[in-house]
Amino acid sequence: MFHYATQRTNNLVYYNLSIPLRYALLSGMIYYKIESVAYKKGIIYSIIGFLIFTIWDVFYSNSDIKDLHNHSMVAYATTVECLLMLFWVLAYFYEIIRMLKIPNLLTFPFFWVCSGLLLYYSSFIFIAPILHYTEKWENPLYIGFLDLVPYIFETLCLLFFSIGVWIFSTRYYAKQ
């Protein structure tokens with residue numbers, strides 16, 4: 001993508017391809033950690049269904065699929081990905097709270113990873129549409145500091161991921 005961006009070539013086709021891949025990897029991570037068989041089946045079916053939906057969305061958003069120079073970003077797949085990931089993260093939180101197998105959530109690495117995903121995807125659903133709407137007016141609304149809110153949520157997501165990796169590394173690798 002960076003190579004094509006430096007050549008001033010449209011690289012949105014790679015972004016569109018990365019959406020189902022990103023969803024499959026992140027939901028696969030939750031599949032590995034969740035214990036409910038029904039949720040595991042739901043994750044597998046959602047990966048397959050989301051792949052089919054994303055392929056449809058790519059063809060729907062691009063009337064001439066062979067014209068890579070004028071390739072457009074998908075219209076609905078990113079929003080559906082956010083909703084699905086929010087559902088799976090909340091289902092995972094529901095399961096760990098219902099089972100009470102973890103004595104201290106703050107020392108559990110995957111809790112931090114899921115907390116980061118929850119913040120990241122909820123910012124896409126609840127904050128990004130408002131900011132996108134302010135940019136689409138004829139006279140854009142300059143909201144100052146609020147333009148930085150998506151970056152703050154992305155930074156918090158990466159911070160929570162880092163805390164999860166740090167806890168994992170101190171628990172499993174420092175003892176060896």
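Visitor: How does the span of α4 fit with its 23 residues?
Guide: It agrees: at 1.5 Å a residue α4 should span 33 Å, and its end C-alpha atoms are 33 Å apart. Bear in mind that this is a predicted model.

Visitor: Which residues of α4 are buried?
Guide: Among them are Ala-77, Glu-81, Cys-82, Met-85, Leu-86, Trp-88 and Val-89. Further along, Ala-91, Tyr-92, Phe-93, Glu-95 and Ile-96 are buried too.

Visitor: And what covers them?
Guide: The cover includes α2, α3 and α5.

Visitor: Let's pick Leu-86. Why does it count as buried?
Guide: Because its relative accessibility is 11%, and the cut-off for buried is under 20%.

Visitor: What does Leu-86 touch, leaving out residues up to four places away?
Guide: Leu-118, Tyr-121, Ser-122 and Ile-125. As for Cys-114, 28 residues from Leu-86 along the chain, the two C-alpha atoms are separated by 9.5 Å.

Visitor: What happens just after α4?
Guide: Leu-100 takes a positive phi there, about 55 degrees. Leu-100 sits in the loop between α4 and α5.

Visitor: Why point that out?
Guide: Because most residues other than glycine have a negative phi. Leu-100 is a residue other than glycine with a positive value.

Visitor: Is Leu-100 buried or exposed?
Guide: Exposed, since its relative accessible area is 68%, and exposed means over 50%.

Visitor: On to α5, then. How many residues does it have, and how far does it reach?
Guide: α5 covers residues 109-126, so 18 residues, and reaches 26 Å from its first C-alpha to its last. That is close to the 26 Å expected at 1.5 Å a residue.

Visitor: Which parts of α5 are buried?
Guide: The buried residues include Pro-109, Phe-110, Phe-111, Trp-112, Val-113 and Cys-114. Tyr-121, Ser-122 and Ser-123 are also on that list.

Visitor: How do α2 and α5 pack?
Guide: At an angle of about 140 degrees, with their axes 12 Å apart. The crossing of α2 past α5 is left-handed.

Visitor: Which residues make that contact?
Guide: From α2 you have Arg-22, Leu-26, Met-29, Ile-30 and Lys-33, and from α5 Phe-110, Val-113, Leu-117 and Tyr-121. By type, seven are nonpolar, none are polar and two are charged.

Visitor: New topic: Arg-171. Where is it?
Guide: In helix α7, residues 149-172. Arg-171 counts as partly exposed, at 26% relative accessibility.

Visitor: What is Arg-171 in contact with, setting aside neighbours within four places?
Guide: Thr-107, Phe-108 and Pro-109. Phe-108 is 63 residues from Arg-171 along the chain, and their C-alpha atoms are separated by 9.6 Å.

Visitor: Zooming out, how many helices and strands does the chain have?
Guide: Seven helices and zero strands. Buried residues make up 30% of the 176 residues. Of the contacts with a separation of 6 or more, 66% are between residues 24 or more positions apart.

Visitor: Last one: where is confidence lowest, and where is it highest?
Guide: Helix α1, residues 2-6, is lowest at a mean of 63, and helix α3, residues 37-61, is highest at 95. For the chain, the mean pLDDT is 85, with 85% of residues at 70 or more.

Note on methods:
Residues are numbered from 1 along each chain as its sequence is written. This is a predicted model: local features need pLDDT of at least 70, side-chain atom pairs count only at pLDDT 80 or more; totals for chains, interfaces and linings use all residues. Side-chain values use heavy atoms; hydrogens and water are left out. Helices (H or I, at least four residues) and strands (E, at least two) are DSSP runs, numbered from the N terminus. The expected span of a helix is 1.5 Å times one less than its number of residues. Buried means under 20% relative accessible area, exposed over 50%, partly exposed in between (1.4 Å probe, protein chains only). Axes are lines fitted to C-alpha atoms, for helices over the stretch in contact, and angles run from 0 to 180 degrees between N-to-C directions. A crossing is left-handed if the near helix is turned anticlockwise from the far one by less than a right angle, and right-handed if clockwise. Contact means heavy atoms within 4.5 Å. Ala, Val, Leu, Ile, Met, Phe, Trp, Tyr, Cys and Pro count as nonpolar, Asp, Glu, Lys and Arg as charged, and the others, Gly among them, as polar. pLDDT is the predictor's confidence in each residue, from 0 to 100.
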